[in-house]
Amino acid sequence: MYRRYRENQIIVNRKYQRKLVWTEDEKKNLIDSILKGYPIPLILFAEFVGSDGKACYEILDGLQRLNAIVGFIGNEFSWNERYFDINQLARAKQAEKEGLFVGYHGENILENEKCANFLDYQLAVTSYKADDEKQIFEIFGRINSGGRQLSNQERRQAGIICDFTNIVRVIAAEIRGDSTNELVLLLDMPQISIGSSRINERYGLKAENTFWVKQGILAVQDLRNSDDEEVIADIVISVLLGEPFARSKERLDRVYDLSSDLYEKVSIALMRYSPEKLGSL
């Protein structure tokens, strides 16, 4: 898995994937489970062939877990005040030598046996060969349909692709300051994810510096839960329908339900308005 990570084969699709949201404590808990040999949830990839002819693996489930694992190997955080010994993994040692990350070289190094146990841990991985993007979206939506670990807005967006969801995502990213191509390497996700200066997370965007938090519109956790996209959705619907949208959880759910009359009404209005015109306002 680490080899695929360093060879730029692990991909995140920002059309539907969450930002990195785990705190350092949550990452440490995962590493603790691995070092104790406990089972962790399945990691699911959609496999396809990239433009260079190499296999690529788009993450369908396990983004936070994978980032925690490579972050621990890259000495971004410790476990029980001990850092992974990068000398135990040739690819990590080479990556540090090439200046891809700054390794830890102090005294608090994880014992050789524990490093070996960590590297020997068998991840539960399923790789699904997807025929097209629509199929990937459907699978992702079904995985997250319960919504127990997602915010309301993240649950709405899971597995849905249409002009409305796309324009909301694009506008929200521009306001946050994390606009990118749709496909992003897992390697680059920390730089476009939202952290907080209060807890010294290693994510590139600090919530306190965004428009939403600086103006007192949203709290840090609200932004991490994608509540900014819920606000943008409300504004976009109001513009399209020509009147304030009487927002409630149920009504907003209907806008994201492709079979509802409200979704159809918004979609028709968007066709007349055009996403380009709406995005330029």
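Two strands count as paired here if DSSP finds at least two bridges between them. The model is predicted, so local features need pLDDT of at least 70 and side-chain atom pairs count only at pLDDT 80 or more, while totals for chains, interfaces and linings use all residues. Residues are numbered from 1 along each chain as its sequence is written, and side-chain values use heavy atoms, with hydrogens and water left out.

**View 1. Strands E2 and E3 run antiparallel.** Strands (E, at least two residues) and helices (H or I, at least four) are DSSP runs, numbered from the N terminus. Strand E2 (residues 43-49) is joined to E3 by 6 bridges. Look for Leu44, whose bridge partner in E3 is Asp61. The two strands make a hairpin with 5 residues between them, and Gly53 in the turn has a positive phi of about 85°.

**View 2. Strand E1 pairs with E3 in the parallel sense.** Here, E1 (residues 10-13) and E3 share 2 bridges. Ile11 has Glu58 of E3 as its bridge partner.

**View 3. E3 is largely enclosed by the rest of the structure.** In this strand (residues 55-61), 5 of the 7 residues are buried, meaning under 20% relative accessible area with a 1.4 Å probe, protein chains only.

**View 4. Helices H11 and H13 are roughly perpendicular to each other.** That label covers angles of 65 to 115 degrees. The axes, lines fitted to C-alpha atoms over the stretch in contact, come within 9 Å and cross at roughly 70°. Contact (heavy atoms within 4.5 Å) involves Ile237, Val239, Leu240 and Leu241 of H11, and Lys265, Val266, Ala269, Leu270 and Tyr273 of H13.

Technical notes. Axes are lines fitted to C-alpha atoms, for helices over the stretch in contact, and angles run from 0 to 180 degrees between N-to-C directions. Angles under 35 degrees count as roughly parallel, over 145 as roughly antiparallel, 65 to 115 as roughly perpendicular and the rest as oblique. Buried means under 20% relative accessible area, exposed over 50%, partly exposed in between (1.4 Å probe, protein chains only).
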